[in-house]
Amino acid sequence: MLSAKGHLEGILKMLEGEPYCVDVLKQIKAVQGALDKVGEMVLRSHLEHHVASAAVRGDTQRMVEELMEVLKYR
């Protein structure tokens, strides 16, 4: 997450000047990659801690609906 923050701060600093567009696009891609990694970590944790025990709790359908909602934005 710190990587995404650092890259984002770098982009903002770049935009204060007259940066080369390709350099800005590279930094944006780096932020997207860092956020994707964080998203994967959060999803894995959710699957391991909440989805895996959904049947025991009786809320399997709610878990499916939540994940379908989230995954439509990926």
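Modeller: Let's start with Asp-59, which sits in the loop between helix H3 (54–57) and helix H4 (60–71). Helices here are DSSP runs of H or I with at least four residues, strands are runs of E with at least two, and both are numbered from the N terminus. This is a predicted model, so local features need pLDDT of at least 70 and side-chain atom pairs count only at pLDDT 80 or more, while totals for chains, interfaces and linings use all residues. Residues are numbered from 1 along each chain as its sequence is written, and side-chain values use heavy atoms, leaving out hydrogens and water.

Colleague: Why is Asp-59 called buried?

Modeller: Buried means under 20% relative accessible area, exposed means over 50%, and partly exposed is in between (1.4 Å probe, protein chains only). Asp-59 has 15%, so it counts as buried.

Colleague: And what makes the pairing of Asp-59 with Arg-57 a polar contact?

Modeller: The two side chains come to 3.3 Å. A polar contact is a pair of N or O atoms within 3.5 Å; within protein, one must be able to donate a hydrogen and the other to accept it, and residues adjacent in sequence count only if both atoms are side-chain atoms.

Colleague: Why is His-49 exposed, while Arg-62 is only partly exposed?

Modeller: His-49, in helix H2, has 52% relative accessibility, so it counts as exposed. Arg-62, in helix H4, has 44%, so it counts as partly exposed. A polar atom of the His-49 side chain also lies 2.8 Å from the backbone oxygen of Ser-45.

Colleague: What about Ile-11, buried or exposed?

Modeller: Ile-11 belongs to helix H1 (residues 2–15), and its relative accessible area is 7%, so it is buried. Leaving aside neighbours within four places in sequence, Ile-11 is in contact (heavy atoms within 4.5 Å) with Val-24, Gln-27, Ile-28 and Val-31. Val-24 and Val-31 are also among the buried residues of H2, as is Ala-34.

Colleague: How do you know that the chain is more spread out than a compact globule?

Modeller: First, the chain has 4 helices and 0 strands, in the pattern α-α-α-α. Its radius of gyration is 18 Å, well over the 11 Å that the globule rule gives for 74 residues, so the chain is more spread out than a compact globule. That radius is taken over C-alpha atoms, and the rule is 2.2 Å times the number of residues to the power 0.38. The C-alpha atoms fill a box of roughly 55 × 20 × 15 Å along the principal axes, and buried residues make up 12% of the 74.
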